[in-house]
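Please read it with the coordinates open.

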Amino acid sequence: MTTKATCRSTTHHGTYWAYDKHGCRCLNAALDASRIRRMRRNGPTGLIRPAIGAVRTARGLAAYGYTVNRIAAAAGLSNRLIAHLQSGKDTIRSSKDRDLRVAAERLIAATPPTGRGATRARSTARRNGWFPLLAWDDIDDPNAQPSLGDPDAERDRYDPVIVGFAVDGAFTYDQIKDNRADLLEVVRRLATRMSDFEIALHLRWPGAEDGPPGKTRGQGAVCQLRLRNGIPTHHVREVIAPISARDRHRAEQRRTQAA
């Protein structure tokens with residue numbers, strides 16, 4: 001054992017700092033070093049804990065479209081820590097884990113983000129097989145499996161949060177088209193109460209307003225998507241007068257010009 005006279009540290013003799021940095025081997029330094037190493041290994045005081053829940057949380061937020069920057073800003077953590085968690089970090093401080101979970105509850109309750117960053121985050125999550133937070137019954141259980149239903153059924157792979165917002169009109173076709181499962185489920189739900197023309201307008205489908213009702217390019221695209229994927233329509237069509245939509249449109253134009 002070293003004594004204070006032989007220890008190179010003049011201000012931290014008998015501490016873990018002296019043990020690690022200055023070669024101090026007195027009893028107090030050894031006990032302090034043992035305590036710190038034990039705490040880092042298994043966290044007996046709760047300061048360090050397994051990061052399995054935090055890893056799934058960071059990845060699940062990416063599945064909702066949140067970028068590393070936005071997650072870090074919401075939780076008050078560093079971008080580097082969030083990136084390490086998404087890469088599979090083993091441990092995390094309990095305080096940081098708590099901050100991340102509080103931020104996650106706030107983020108998933110808000111409207112999911114849009115834009116290029118959100119699209120890239122969702123694409124990264126799909127490419128790496130990351131699951132939304134709601135897929136986990138116990139997010140901290142290492143043996144837990146995500147609840148996704150039948151993996152062969154496409155409708156079981158859609159994101160219920162994204163679909164819900166799209167059905168309510170918060171998302172457009174351009175914002176959900178990258179995930180075909182989301183798009184099909186949105187059309188499937190809207191088809192129970194809307195016509196193809198109304199679905200195209202509701203989702204602001206490209207070409208939804210490029211012609212008279214009944215003959216727009218957007219309506220045709222919705223109809224083709226439904227028929228190719230076996231999606232029935234339960235919408236009751238209005239009775240149409242015995243005149244074509246084009247003729248009605250031309251008649252309206254003539255009346256407008258005459259006025």
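Predicted model: local features only at pLDDT ≥ 70, side-chain atom pairs only at ≥ 80, totals over all residues.

The points below run from the overall make-up to single residues.

1. Overall make-up. The protein has 259 residues, and 38% of them are buried. Its secondary structure consists of 13 helices and two strands. The accessible surface is about 15,600 Å². Carbon and sulfur atoms hold 50% of that surface. Take the contacts with a sequence separation of 6 or more: 58% of them join residues 24 or more positions apart.

2. Salt bridges in general. Side chains of opposite charge can pair when their charged atoms come close. How many salt bridges does the whole structure hold? The search finds eight.

3. Asp 97 with Arg 49. These two side chains form a salt bridge, with an N to O distance of 3.8 Å. Asp 97 sits in helix α6 (residues 94-109) and Arg 49 in strand β1 (residues 48-50), so the bridge ties together parts 48 residues apart in sequence. The cut-off for a salt bridge is 4 Å. Burial of the two partners is worth noting. Asp 97 is buried, at 3% relative accessible area. Arg 49 is partly exposed, at 30%.

4. Arg 101 with Asp 140. Here the side chains meet at 2.4 Å, N to O. Arg 101 belongs to helix α6, while Asp 140 is in the loop between α7 (116-128) and α8 (160-167), so parts 39 residues apart in sequence are tied together. Are the two partners buried or partly exposed? Arg 101 is partly exposed, with a relative accessible area of 22%. Asp 140 is partly exposed too, at 27%.

5. The network. Arg 49, Asp 97, Arg 101 and Asp 140 are linked in a network of salt bridges.

6. Arg 226 with Asp 196. This salt bridge has an N to O distance of 2.7 Å. Arg 226 lies in helix α12 (residues 217-228) and Asp 196 in helix α11 (residues 196-202), so the pair ties together parts 30 residues apart in sequence. Both partners are covered by the protein. Arg 226 counts as buried at 5% relative accessibility, and Asp 196 counts as buried at 7%.

7. Ile 139. This residue is in the loop between α7 and α8. Ile 139 is buried because its relative accessible area is 17%, and the cut-off for burial is under 20%. Leaving out neighbours within four places in sequence, Ile 139 contacts Ile 52, Gly 53, Arg 56, Thr 57, Arg 101 and Leu 133. Note Arg 101 in that list: Arg 101 is also a member of the network in point 6.

8. Ile 176. Helix α9 (residues 173-176) contains Ile 176. The residue is buried, at 2% relative accessible area. Beyond four places in sequence, its contacts are Ile 162, Ala 166, Phe 171, Asp 182, Leu 183 and Val 186. One of these, Ala 166, is ten residues away in sequence, and the C-alpha atoms of Ala 166 and Ile 176 are 7.9 Å apart.

9. Thr 172. The loop between α8 and α9 holds Thr 172. At 13% relative accessibility, Thr 172 counts as buried. Not counting residues up to four places away in sequence, Thr 172 touches Leu 203 and Arg 204.

10. Surface charge. Where do Arg 80, Lys 89, Arg 93 and Lys 96 gather? They form a patch of positive charge on the surface. Arg 80 is placed in helix α5 (residues 79-86). Its relative accessible area is 63%, so Arg 80 is exposed; the threshold is over 50%.

Technical notes. Residues numbered from 1 in each chain as written. Heavy atoms only, no water. Patch = residues over 30% accessible without salt bridge, like charges linked within 9 Å, V, L, I, M, F, W, Y side chains within 5 Å. Areas by Shrake-Rupley, 256 points an atom, 1.4 Å probe, with all protein chains shown as cover. Lys, Arg positive; Asp, Glu negative; His and termini not counted. Charge placed at Lys NZ, Arg CZ, Asp CG, Glu CD. Helix = DSSP H or I, 4+ residues; strand = E, 2+ residues; numbered from the N terminus. Buried < 20%, exposed > 50% of the residue type's maximum accessible area, 1.4 Å probe, protein only. Contact = heavy atoms within 4.5 Å.
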